[in-house]
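Student: Could you walk me through this structure, one question at a time?
Tutor: Gladly! Have a look at it first.

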Amino acid sequence: MNFAVADHLGRPFRLLHTDIHHKNMIANSGWAYFLNWELALWGDPVYDLAVHLHKMAYQPDEEEPAKAAWRNAVSPETAAEWTTDLDTYLAHECVKSAVGDTVRYSKLIAAGTESPAAQAALIDKLTTKLHAAHTFWRRANPRPRRGGPPCPQPHPHDPRRGMISSADSSGTLFRSSAPTRESSPLMPDFRPI
């Protein structure tokens, strides 16, 4: 296996869960057990943190302690220059969520199984997600603004939150240009579509 990408980032790749949120965790006696590993992959540990932050939709006063807990739990090489890449991964999750939910919500509405109120709630959620994703689609640098979650979602305790599920990875969200980094021919520049 070629680890040029990991070397380029300066962080060792690890086994990632990529779907860590409250529905995929069991906490017991100070231990956390992670369920549903079907989306696992080998990659940058910062991506796992980004997926977790995006899916949990922490409030700002909750997000900073979560980031600090992650930073304190990982090795120094795992956290090398992690904040910039976290912003990029959060932007990716925001766009991925909007694309996946567009398909999912369209199918639900087209099936006619949702009540008018549920359809309206889906449309409202999707509108919010598409507006948030639009800010990244229109920029050359897809990093989110500092100071808050990049992709607005309902608070985890909102009863409507259960209607939002993760997007699958079947769609291509970024177009790759020719590699431009001499240190890693495997790491192309990514530009939003």
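**Around H17**

Tutor: To start us off, a polar atom in the side chain of H17 sits 3.3 Å from the backbone oxygen of N36. That is a polar contact (a pair of N or O atoms within 3.5 Å; within protein, one must be able to donate a hydrogen and the other to accept it, and residues adjacent in sequence count only if both atoms are side-chain atoms). Keep in mind that this is a predicted model, where local features need pLDDT of at least 70, side-chain atom pairs count only at pLDDT 80 or more, and totals for chains, interfaces and linings use all residues. Residues are numbered from 1 along each chain as its sequence is written, and side-chain values use heavy atoms, leaving out hydrogens and water.

Student: Which backbone nitrogen does the side chain of H17 reach?
Tutor: The distance to look for is 3.0 Å. At that distance, the side chain of H17 meets the backbone nitrogen of D19.

Student: Is H17 buried or exposed?
Tutor: Buried means under 20% relative accessible area, exposed over 50%, and partly exposed in between (1.4 Å probe, protein chains only). H17 has a relative accessibility of 1%, so it counts as buried.

Student: How many Å apart in space are H17 and D48?
Tutor: In sequence, 31 residues separate H17 and D48. The two are also in contact (heavy atoms within 4.5 Å). From C-alpha to C-alpha, H17 and D48 are apart by 6.7 Å.

Methods: Lists of a residue's contacts leave out its neighbours within four places in sequence.
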